[in-house]
Amino acid sequence: SATARITLLQAIGGIGGPKALEAVKAALGDKDPAVNDAAVRALAAWPDAKCVDALLDLLAKTEDNVHRVLLLRGTVRLLGLAGRPAAQTIAIYKDLLAKAESPADKKLVLAGLGAMDDPAALKVVETMLAEPDVKGEAELAMVNIATRVMGTAGDDAAAAARKVIAQTTNDGVKRQAQAILNKLNRLKKGRK
């Protein structure tokens, strides 16, 4: 019955694993809308990053706004766990930003990008600084990334911090950006 399939999808979605993933993918095409919904929700809440590609495929196809939001949240959450090369993850985030349908979607993606520790993520976030609806989140993401990369990419971190200081109206973000510059300056003085 549909009720039994829904219960099964909820259970196996919490367990994960390759066989469970195949069962959830198969249920995505179910004729019963409730079963299909349960499959989407199970996929969006998947416990490991093995289903990122399936989430991206489904996200590109779905016309249901609730499913789109759930899939986007699941994708961003799992990209942080994916273990894929940083360049590939950043490219996915860039694509998600380009396809984002609302400021809330962009904010979600920016939060994911803000957890990156690769200076290339700064360039993607920088494109969002000019968008008033997400400017604050973009500034915070820039500061977060700069904090993570200042030990390996000090010049990129300093440039990002200066850019944020020059344009932000948020005193807390400005202080965080200034703290990055101060720390980088102390590191430079310590090397001399």
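**A lysine in a helix, and its surroundings**

Analyst: Happy to. Let us begin with Lys106, which sits in helix α7, residues 103-113. Please keep in mind that this is a predicted model.

Is Lys106 buried or exposed? Its relative accessibility is 17%, and because the cut-off for buried is under 20%, Lys106 counts as buried. Setting aside residues up to four places away in sequence, Lys106 touches Leu97, Ala100, Met128, Glu131 and Val134.

Side chains of opposite charge can pair when their charged atoms come close. The structure holds eleven salt bridges. Arg68, Glu101 and Asp105 are joined in a salt-bridge network. In α2, Lys25 and Glu22 lie three residues apart, about one turn of the helix, and their closest N and O atoms are 3.8 Å apart in a salt bridge. Lys25 is partly exposed at 35% relative accessibility, and Glu22 is partly exposed too, at 48%. In helix α3, Asp37 and Arg41 are about one helical turn from each other because they are four residues apart. Their salt bridge has its closest N and O atoms at 2.8 Å. Asp37 counts as partly exposed at 23% relative accessibility, as does Arg41 at 40%.

A further pair works over a longer stretch of sequence. Glu126 and Lys163 meet through their side chains in a salt bridge of 3.0 Å, N to O.

Now for some residues on the inside. Val24 belongs to helix α2, and at 0% relative accessibility Val24 counts as buried. Beyond its neighbours within four places in sequence, Val24 is in contact with Leu9, Ile12, Ala39, Ala42, Leu43 and Trp46. The C-alpha atoms of Val24 and Leu8 are 9.5 Å apart, with 16 residues separating the two along the chain.

Helix α4, residues 52-61, has several buried positions: Val52, Ala54, Leu55, Leu58 and Leu59. Viewed down the axis of α4, these buried residues fall within an arc of 160 degrees, so they line one face of the helix. On the other side of α4, Ala60 and Lys61 are exposed. What do the buried residues of α4 pack against? Their partners are α2 (18-27), α3 (33-44), α5 (65-79) and α6 (86-99).

Stepping back to the chain as a whole, its secondary structure comes to eleven helices and zero strands. Of the 192 residues, 41% are buried. Among contacts between residues at least 6 apart in sequence, 58% join residues at least 24 apart. The C-alpha trace spans about 70 × 35 × 25 Å along its principal axes. The accessible surface is about 10,400 Å², and 54% of that belongs to carbon and sulfur atoms. Finally, the chain carries 28 positive and 22 negative side chains, with the centres of the two sets 8 Å apart.

Key. Residues are numbered from 1 along each chain as its sequence is written. This is a predicted model: local features need pLDDT of at least 70, side-chain atom pairs count only at pLDDT 80 or more; totals for chains, interfaces and linings use all residues. Side-chain values use heavy atoms; hydrogens and water are left out. Helices (H or I, at least four residues) and strands (E, at least two) are DSSP runs, numbered from the N terminus. Buried means under 20% relative accessible area, exposed over 50%, partly exposed in between (1.4 Å probe, protein chains only). Contact means heavy atoms within 4.5 Å. The arc is that of the directions from the helix axis to the C-beta atoms. Accessible areas come from the Shrake-Rupley method with a 1.4 Å probe; for residues, only the protein chains shown count as cover. Lys and Arg count as positive and Asp and Glu as negative; His and the chain ends are not counted. The place of a charge is taken as NZ of Lys, CZ of Arg, CG of Asp or CD of Glu. A salt bridge is a side-chain nitrogen of Lys or Arg within 4 Å of a carboxyl oxygen of Asp or Glu.
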